[in-house]
Amino acid sequence: MKFVPLLLSNFKRHKLRTLLTVLSIMVAFILFGYLAAIRKSFQMGVSVAGQDRLIVRHKVSLIQLLPESYEAQIEKISGIDDATHATWFGGIYQEPKNFFGQMAVKPEEFLDMYPEFVMPPEQKQAWLATRTGAIVGRTTANRFGFKVGQKIPIQATFWRPKSGGNTWTFDLAGIYDASKETDTSNFFFRYDYFDENKQTARGMVGWYYIKVKDPKNAEDIARQVDLLFENSPSETKTETEGAFVKAFADQLGNIGAIIRAILSAVFFTIL
């Protein structure tokens, strides 16, 4: 303890240097906190992905579409409890920085596939009864102040409506909740309305969700699905939901490597 006064007096020798050093350390740890949170958000969907769910996508790329008719063929495979599909929309709400995922799904089948998404029964019935209806997760609803019954305009970046223009308007039928570890930022709307009103690719979907009866047989079932569509115009790649979510996030780059590189540079600079 006798050297503490000496240490403090040394800090006072060059106050500007001491201040800049303290600030750089604070910035480094704040940056670390933010980047760690970002990384966690990308990994969250992977960590809670259903063990009994598989994803069937196009063998070439996530952006390649699959025929809607595949659903009936997939459901005939032994060991599969149910199958349904989803299609990425990728529109813009007000301005590009207001990003959240938007997907066209079959409402009843989708909610059966994801029982962890919960909402009041009357909101579920409203979604099933409203052709232009949509639901949104609590995170995004709180972010933008969305209320049930509100009309949500979303500008298309690719899927333009055949009526002209580039704006799709949805009626918010419900707001869903889930556990803390489950992503509640997405926006889901009805595939039948979407398919009827889009200009191109009628009868095509983005990917399929599969619920297997026994997770132990998931690998064998994945192989059977891919064999079923082998040598077809739209071959498939079936993988676990966790692998699919990770691949989706990796389209933005290797988040972990980017964060490590930034933090390494920051701490090296401090030293």
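1. Start with the core. In this predicted model, the largest nonpolar core has 38 residues. Ile74, Phe187 and Ile210 are the ones with the most contacts inside it. Take Ile210: beyond its neighbours within four places in sequence, this residue is in contact with Asp52, Arg53, Leu54, Val56, Ile74, Ile80, Asp82, Ala83, Met113 and Val225. There is also a second, separate core of 17 residues, with Ile55, Leu111, Tyr114 and Trp127 among them.

2. Now the sheet. Nine strands make up an open sheet with mixed pairing, and the order is β6-β7-β5-β8-β4-β3-β10-β1-β11. The edges are β6 (151-155) and β11 (236-240); each has a single partner strand, so one side of each is left without a neighbour in the sheet. On average, neighbouring strands are turned by 35 degrees against each other, direction ignored.

3. A closer look at one pairing: β5 (residues 133-137) and β8 (residues 187-190) run antiparallel and are joined by three bridges. Which residue of β8 is the bridge partner of Ala134? That would be Phe189, which turns up again in point 5.

4. Helix α8 (residues 218-228) packs on the sheet, where the helix touches β1 (53-58), β3 (80-88), β10 (207-212) and β11. The direction of α8 makes about 170 degrees with that of β11.

5. On to the aromatics, with a count of 33 aromatic pairs. Phe89 and Phe189 form an edge-to-face pair, at 5.3 Å centre to centre and with 85 degrees between the planes. Phe89 sits in the loop between β3 and β4 (102-105) and Phe189 in strand β8, so this pair ties together parts that are 100 residues apart in sequence. Are these two residues buried or exposed? Phe89 and Phe189 are both buried.

6. Another pair worth a click is Tyr93 with Phe146, edge-to-face at 5.2 Å centre to centre, with 85 degrees between the planes. Tyr93 belongs to the loop between β3 and β4, and Phe146 to the loop between α6 (138-144) and β6, so the pair links parts 53 residues apart in sequence. Tyr93 and Phe146 are both buried.

7. Finally, the overall numbers. The protein chain has ten helices and eleven strands, and 38% of its 271 residues count as buried. Among contacts with a separation of 6 or more, 77% come from residues 24 or more positions apart. The chain exposes about 15200 Å², with carbon and sulfur atoms supplying 59% of that area.

Technical notes:
Residues are numbered from 1 along each chain as its sequence is written. This is a predicted model: local features need pLDDT of at least 70, side-chain atom pairs count only at pLDDT 80 or more; totals for chains, interfaces and linings use all residues. Side-chain values use heavy atoms; hydrogens and water are left out. Two strands pair if DSSP finds at least two bridges between them. Helices (H or I, at least four residues) and strands (E, at least two) are DSSP runs, numbered from the N terminus. Axes are lines fitted to C-alpha atoms, for helices over the stretch in contact, and angles run from 0 to 180 degrees between N-to-C directions. Contact means heavy atoms within 4.5 Å. Buried means under 20% relative accessible area, exposed over 50%, partly exposed in between (1.4 Å probe, protein chains only). Accessible areas come from the Shrake-Rupley method with a 1.4 Å probe; for residues, only the protein chains shown count as cover. A nonpolar core is a set of buried Ala, Val, Leu, Ile, Met, Phe, Trp, Tyr and Cys residues joined through side-chain atoms within 4.5 Å. Rings of Phe, Tyr and Trp (its six-membered ring) pair if their centres lie within 6.5 Å; planes under 30 degrees apart count as stacked, over 60 as edge-to-face and the rest as tilted.
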